[in-house]
Amino acid sequence: MKEQDRRMLTLDQLQVHVQDLGRLELNEELSRQLDEFKKMPALYHLALKELENKVETLKTEWKMRDGYSPIEHIKSRVKEPKSILQKLERKGYALSFENIETHIHDIAGMRIVCAFVKDIYRLADHFSAREDIRVLEIKDYIAQPKPNGYQSLHVIVAVPLILLDGTKWVKAEIQLRTLAMDFWASMEHILYYKYDKQLPAHVADELKSAARAADELDKKMLRLRREILELS
Ligand code: GTP
Ligand code: MG
């Protein structure tokens with residue numbers, strides 16, 4: 001195609017787009033969707049802040065009461081709009097705000113890294129017992145690790161945001177891991193992308209064996225902890 005033709009084609013397409021835009025502007029449903037999309041990042045950021053606050057309070061309270069907190073550190077992020085749309089497409093849902101709200105649970109994401117496996121379940125039980133957190137789903141990849149060796153407890157929750165129009169429960173995914181599980185997941189993530197999501201068999205095998213080593217380390221630490229507690 002000659003350069004000039006290519007430019008003409010683009011212009012044609014552009015004209016179609018402009019016509020479409022004119023039509024779309026009149027569409028009430030589309031402007032409602034756009035409004036919701038604009039509000040979305042702010043809502044999820046606020047919900048995540050609320051959740052961070054709850055967890056920070058818990059951490060401080062635990063430290064004051066027991067002299068030790070089961071929470072080592074927390075990290076949170078809001079999913080980029082591009083990743084949200086890619087995930088919606090991958091899952092086969094049409095693009096709408098309602099589909100995003102219903103089917104994408106990890107727009108607000110928090111990772112809580114604990115010292116011991118026991119602490120992870122203690123925290124999950126605590127979340128389940130609270131009235132200001134609704135536990136919607138738990139995926140236990142510790143009891144049942146993924147085939148590649150991945151271990152974590154994933155808890156899908158909803159937290160209340162008090163807005164002018166009333167209370168809105170916003171979803172978030174909390175990943176709970178030990179330090180060893182977090183170390184493994186970070187390494188796996190680096191390798192996965194280094195090999196362009198296709199790990200050679202020997203690397204996948206080594207990773208599985210590293211996951212077992214991490215699991216052993218967690219169990220050893222738990223035994224040591226028990227020993228220390230019995231001594232004191
Ligand atoms: P998707 O988010 O669509 O995959 O939904 P899902 O229900 O399959 O979620 P899943 O529980 O598999 O995992 C969600 C998140 O957990 C991912 O975005 C990662 O942060 C983390 N995760 C899951 N599997 C792995 C893994 O094999 N390696 C690493 N490093 N992280 C993982
Ligand atoms: Mg997944």
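Guide: Ligand 1 is surrounded by 14 residues, the closest being K87, K139, K146, N148 and E188; a residue is near a molecule if one of its heavy atoms lies within 4 Å of it. This is a predicted model, where local features need pLDDT of at least 70 and side-chain atom pairs count only at pLDDT 80 or more, while totals for chains, interfaces and linings use all residues. Residues are numbered from 1 along each chain as its sequence is written, chains are lettered from A and ligands numbered from 1 in the order in which they are written, and side-chain values use heavy atoms, with hydrogens and water left out.

By class, that shell holds eight charged, three polar and three nonpolar residues (Asp, Glu, Lys and Arg count as charged; Ala, Val, Leu, Ile, Met, Phe, Trp, Tyr, Cys and Pro as nonpolar; the others, Gly among them, as polar).

Now for the polar contacts (pairs of N or O atoms within 3.5 Å). A polar side-chain atom of K87 lies 2.4 Å from an oxygen atom of ligand 1. For K146 the corresponding distance to a ligand oxygen is 2.5 Å, and for N148 it is 2.7 Å. Of the 610 Å² of accessible area that ligand 1 has on its own, the protein covers 71% (Shrake-Rupley method, 1.4 Å probe).

Which elements give two or more residues to the shell around ligand 1? They are helix 3 (81–90), strand 5 (166–178) and helix 6 (179–194); helices (H or I, at least four residues) and strands (E, at least two) are DSSP runs, numbered from the N terminus.

Strand 2 (residues 108–114) pairs with strand 5 in the parallel sense over six bridges, and strand 4 (residues 153–163) pairs with strand 5 in the antiparallel sense over 11 bridges; pairing requires at least two DSSP bridges. E173 in strand 5 has G109 opposite and also I156 opposite. Strands 4 and 5 form a hairpin, with two residues between them.

Key
A polar contact is a pair of N or O atoms within 3.5 Å; within protein, one must be able to donate a hydrogen and the other to accept it, and residues adjacent in sequence count only if both atoms are side-chain atoms.
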